[in-house]
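Please look over the sequence and the three-dimensional structure before reading on. The explanation moves from the overall fold to single residues.

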Amino acid sequence: MTDWQSRDGFPRGPRLRHDGGACEVRPVMVLRHIAIQGFRNIEFATLDLTGGCAAFVGPNGHGKTNLLESVGFVTALRSFRQHDARLLINHAASEAGLFMRFDHERSGPTEVTIRLRAAGKEILVDGTKIS
């Protein structure tokens, strides 16, 4: 059993390891691609994340927090800022769409699509509707 595994052999999630002065974070799931449409003030945006670390820099009110909120929404299925998901839909749009591609340690590449509408949300994982 390594320091990355639990007793059943499965990864325990992101952990910080220190050995000989080098620190390493080993994630269970890595975000590789984001596509957002009609979410908050973001009309449309795509972003490929190819490196190990990303920083979002820009003026206030230009969507940095909304981008992070969209990632949080896909991982938790709710907003960390808003209880009513209808308020996440851009005022000029009838629905919002979030698409994200992850590299998952156990299941490989995984795609998550969420469509937010006034009537509710639709969630697809690898093209299969789960809600």
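The paragraphs below take up the fold, the sheet, the helix, the core and a few individual residues.

This is a predicted model, in which local features need pLDDT of at least 70 and side-chain atom pairs count only at pLDDT 80 or more, whereas totals for chains, interfaces and linings use all residues. Residues are numbered from 1 along each chain as its sequence is written, and side-chain values use heavy atoms, with hydrogens and water left out.

The secondary structure comes to 1 helix and 8 strands, where helices (H or I, at least four residues) and strands (E, at least two) are DSSP runs numbered from the N terminus. Along the sequence these elements follow the pattern β-β-β-β-α-β-β-β-β. Of the 131 residues of the protein, 27% count as buried; buried means under 20% relative accessible area, exposed means over 50%, and partly exposed lies in between, with a 1.4 Å probe and protein chains only. The protein exposes about 8,700 Å², of which carbon and sulfur atoms supply 53%, the accessible areas coming from the Shrake-Rupley method with a 1.4 Å probe and, for residues, only the protein chains shown counting as cover. Among contacts (heavy atoms within 4.5 Å) between residues at least 6 apart in sequence, 42% join residues at least 24 apart.

The sheet is the next feature to follow. It is an open sheet of 6 strands in the order S4-S3-S5-S6-S7-S8, with antiparallel pairing; two strands pair if DSSP finds at least two bridges between them. S4 and strand S8 (128-129) stand at the edges with a single partner strand each, so one side of each is left without a neighbour in the sheet. Strands of a sheet pair through backbone hydrogen bonds, in either a parallel or an antiparallel sense.

Two of the pairings can be traced in detail. Strand S3 (residues 29-39) pairs with strand S4 (residues 42-48) in the antiparallel sense over 6 bridges, and in S4 the bridge partner of Ile-36 is Ala-45. These two strands form a hairpin with 2 residues between them, and Arg-40, in the loop between S3 and S4, has a positive phi of about 55° although it is not a glycine. Most residues other than glycine have a negative phi. S6 and S7 likewise pair in the antiparallel sense over 6 bridges, and here the bridge partner of Arg-115 in S7 is Glu-122.

Helix H1 (residues 64-76) has 13 residues and reaches 18 Å from its first C-alpha to its last, close to the 18 Å expected at 1.5 Å a residue, the expected span being 1.5 Å times one less than the number of residues. Its buried residues are Asn-66, Leu-67, Glu-69, Ser-70, Phe-73 and Val-74. They cover an arc of only 160° around the axis, which puts them on the same side of H1; the arc is that of the directions from the helix axis to the C-beta atoms. The buried residues of H1 pack against S3, S4, strand S5 (95-104), strand S6 (108-117) and strand S7 (120-125).

The largest nonpolar core has 19 residues, and those with the most contacts inside it are Ile-34, Ile-36, Phe-39, Val-74, Leu-98, Ile-114 and Leu-116. The elements that give two or more residues to this core are S3, H1, S5 and S6. A nonpolar core is a set of buried Ala, Val, Leu, Ile, Met, Phe, Trp, Tyr and Cys residues joined through side-chain atoms within 4.5 Å. Leaving aside neighbours within four places in sequence, Ile-34 is in contact with Ala-45, Thr-46, Leu-47, Leu-49, Leu-67, Val-71, Phe-99 and Met-100.

Thr-113 is found in strand S6 and, at 19% relative accessibility, counts as buried. Apart from neighbours within four places in sequence, Thr-113 is in contact with Leu-98, Phe-99, Glu-122, Ile-123 and Leu-124.

Leaving aside neighbours within four places in sequence, Arg-86 is in contact with Arg-117 and Ala-118.
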